[in-house]
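Hi,

Here is the structure I said I would pass on.

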Amino acid sequence: MDTPQPLYSAKSVRELDRRTIAALKIPSIALMKRAGRAAFVHLQQRWPDAKRIQVFCGGGNNGGDGYVIAALAAQKQIPVVVFACVEPQKLKGDALEACEYARREGVHIVTSLAELDSADGDTVIVDALLGTGFAGELRAPVGHAVERINKSMGAVLAVDIPSGLSADNGSAGQAVSADLTVTFIGRKLGLHCGRGPALCGQVVYENLGAPESLLAEVEPLAQRFDGASVRRLAPRAADSYKNQFGHVLVVGGDSGYGGAALMAAESAARSGAGLISLATRPEHLAAALTRCPEVMAHPVISGQELEPLLEGPDVIAVGPGLGRAPWGEQLLARAGRAEVPLVLDADALNTLAGGRVLAGLRRDDWVLTPHLGEAARLLGCDVAEVLSDPRAAASAIQQKFSGVVILKGAGTLIAHDGGVDLINSGNPGMASGGMGDLLTGIVAGLIGQHLSPLEAARLGVWLHGEAGNRAAEKGQRGLLATDLLPHIRQLVD
Ligand SMILES: NC(=O)C1=CN([C@@H]2O[C@H](COP(=O)(O)OP(=O)(O)OC[C@H]3O[C@@H](n4cnc5c(N)ncnc54)[C@H](O)[C@@H]3O)[C@@H](O)[C@H]2O)[C@@H](O)CC1
Ligand SMILES: [K+]
């Protein structure tokens, strides 16, 4: 199993920069030249036929990296022009030195956007306006440059981070939308959550020779897991029997929402759970048994009828299609007190947020799986606030309710009592109804197979996204949640 990758704040990366310079015993301009060279190598690999390069340079060291890139392009006889957002005579330190280097290589520098030709499809634009020094809202002159980059026809390489994106939390107002981001020294959390995945394009990490051991010296904001670093299920013994792999009960499916509960039940089954029960409205029974006869479907019309069904299972998933009517509230009130691990989703979360049911309950053995809207309700804030710092929001929900919190998104965050994890898997085709129900079923199915709630959350999130990627090979638009089911089965072993 690989170790997860640490993800840092801008402040921590600046600290890593300092430590790297000290450890390598090189002047800071030498590190800047390494950064520029690394970015330029990736530019040439990605766009070997680039006819011209426009470099947008800011007034700090991110701009300095840009001047180095421009110098290297000029050395290779590639037509290159720099737009200096901050006049060169105002530059200081390494950025000034890098600018002089570019000048010595004959790079043409302009200080007004009007002097810049419009970039066509053969142009590569280098965004070196703002890096880890960016804070607050984007100020005016930089905003015009960002607008110009985003409206142009050229491909865009962002140096270290797309300008305007927060390295700390992935929030962004006006920001560069890049095709490729080459990031240095420490991976920044903001590249991987919130708006980050949409703004960065492909992300490439270059450590610029920084010793690996340095990374452990600085506290990360989160750990990034992928298929190689999540704990997988152990192979099954030849003499296995079904009771060893957990009995999952799914509770949900009020009138009109029967499919949600059934999809959760079926995905728990495809994740390898030994036995699956479903407690749902009587009217959904026939459809459930037709679609998936392996599921033991029970009709429930009141909380009382659920009571005996709570005795058998090893894990209970509550919420898919539960609705917010008294029927769902009654079921949640009872299931929420069951003495086995729980997975709560959808209207179970909305009802929990309402505070009338399970008020004040904190459990170490439950997994809450909110999307942005549900997260906002759980915290009593609006979605914009969750988006402004998704990691902080996931942590705040975990602190309020305990257990494991999966905040779903392009970079899904998993908050637990040991910190925050992040997993990037999946694709925009998965923005369709039913996908969350599958995740709920998968996580419950994995807990049934003896992973801890946290391990099940990690593996479940990765597996769900990966199944989505495989299913999307035939196209993202029109991808249905049930299209993922065969892939879940292939990935779970
Ligand atoms: N420090 C180092 O050792 C290294 C730094 N490197 C580069 O340097 C970058 C960090 O450099 P700096 O710390 O100089 O910072 P940046 O260059 O990222 O940003 C500083 C500039 O941004 C402006 N700025 C800040 N907030 C703004 C806002 N809201 N609106 C408009 N302008 C704003 C500041 O006025 C200043 O001109 C990294 O991202 C990386 O690209 C690399 O060269 C590798 C080595
Ligand atoms: K940048």
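I'll start with one residue pair: Val-159 stands opposite Val-182 in β7. Before going further, keep in mind that this is a predicted model. The strands β6 (residues 155-159) and β7 (residues 180-184) run parallel and are joined by three bridges.

Both belong to an open sheet of seven strands, ordered β4-β3-β2-β5-β6-β7-β8, with parallel pairing. At its edges you'll find β4 (108-110) and β8 (202-206); each has a single partner strand, so one side of each is left without a neighbour in the sheet. From one strand to the next, the twist averages 20 degrees. Helix α2 (residues 28-46) packs on this sheet, where it touches β5 (123-128), β6, β7 and β8. The direction of α2 makes about 155 degrees with that of β7.

Ligand 1 is surrounded by 29 residues, and the closest are Gly-59, Gly-60, Asn-61, Gly-131 and Gly-133. Helix α2 turns up again here: along with α1 (10-24) and α3 (61-75), α2 is one of the elements that give two or more residues to the shell. The most come from α3, which gives five. Sorted by class, the shell has twelve nonpolar, twelve polar and five charged residues.

There is another sheet to look at. This one is open too, with eleven strands in the order β1-β9-β18-β17-β16-β15-β14-β13-β10-β11-β12, and its pairing is mixed. The edge strands β1 (5-7) and β12 (296-299) each pair on one side only. Ignoring direction, neighbouring strands are turned by 20 degrees against each other on average. Within this sheet, β15 (residues 366-368) and β16 (residues 404-407) run parallel, joined by two bridges; Leu-368 has Val-405 in β16 as its bridge partner. Helix α8 (residues 258-270) lies across β10 (247-251), β11 (275-280) and β13 (315-318), and runs at about 170 degrees to β11.

Last, a helix pair. How do α12 and α13 lie relative to each other? Helix α12 (residues 346-354) packs against helix α13 (residues 372-379) at an angle of about 20 degrees, with the axes 8 Å apart. That angle is under 35 degrees, so α12 and α13 are roughly parallel to each other. The crossing of α12 past α13 is left-handed. On the α12 side the contact is made by Leu-349, Asn-350, Leu-352 and Ala-353, and on the α13 side by Glu-374, Arg-377 and Leu-378. By class, that contact has four nonpolar, one polar and two charged residues.

Cheers

Methods
Residues are numbered from 1 along each chain as its sequence is written. Chains are lettered from A and ligands numbered from 1 in the order in which they are written. This is a predicted model: local features need pLDDT of at least 70, side-chain atom pairs count only at pLDDT 80 or more; totals for chains, interfaces and linings use all residues. Axes are lines fitted to C-alpha atoms, for helices over the stretch in contact, and angles run from 0 to 180 degrees between N-to-C directions. Helices (H or I, at least four residues) and strands (E, at least two) are DSSP runs, numbered from the N terminus. Angles under 35 degrees count as roughly parallel, over 145 as roughly antiparallel, 65 to 115 as roughly perpendicular and the rest as oblique. A crossing is left-handed if the near helix is turned anticlockwise from the far one by less than a right angle, and right-handed if clockwise. Two residues are in contact if their C-beta atoms, placed from the backbone, lie within 7 Å. Ala, Val, Leu, Ile, Met, Phe, Trp, Tyr, Cys and Pro count as nonpolar, Asp, Glu, Lys and Arg as charged, and the others, Gly among them, as polar. Two strands pair if DSSP finds at least two bridges between them. A residue is near a molecule or strand if its C-beta atom, placed from the backbone, lies within 6 Å of it.
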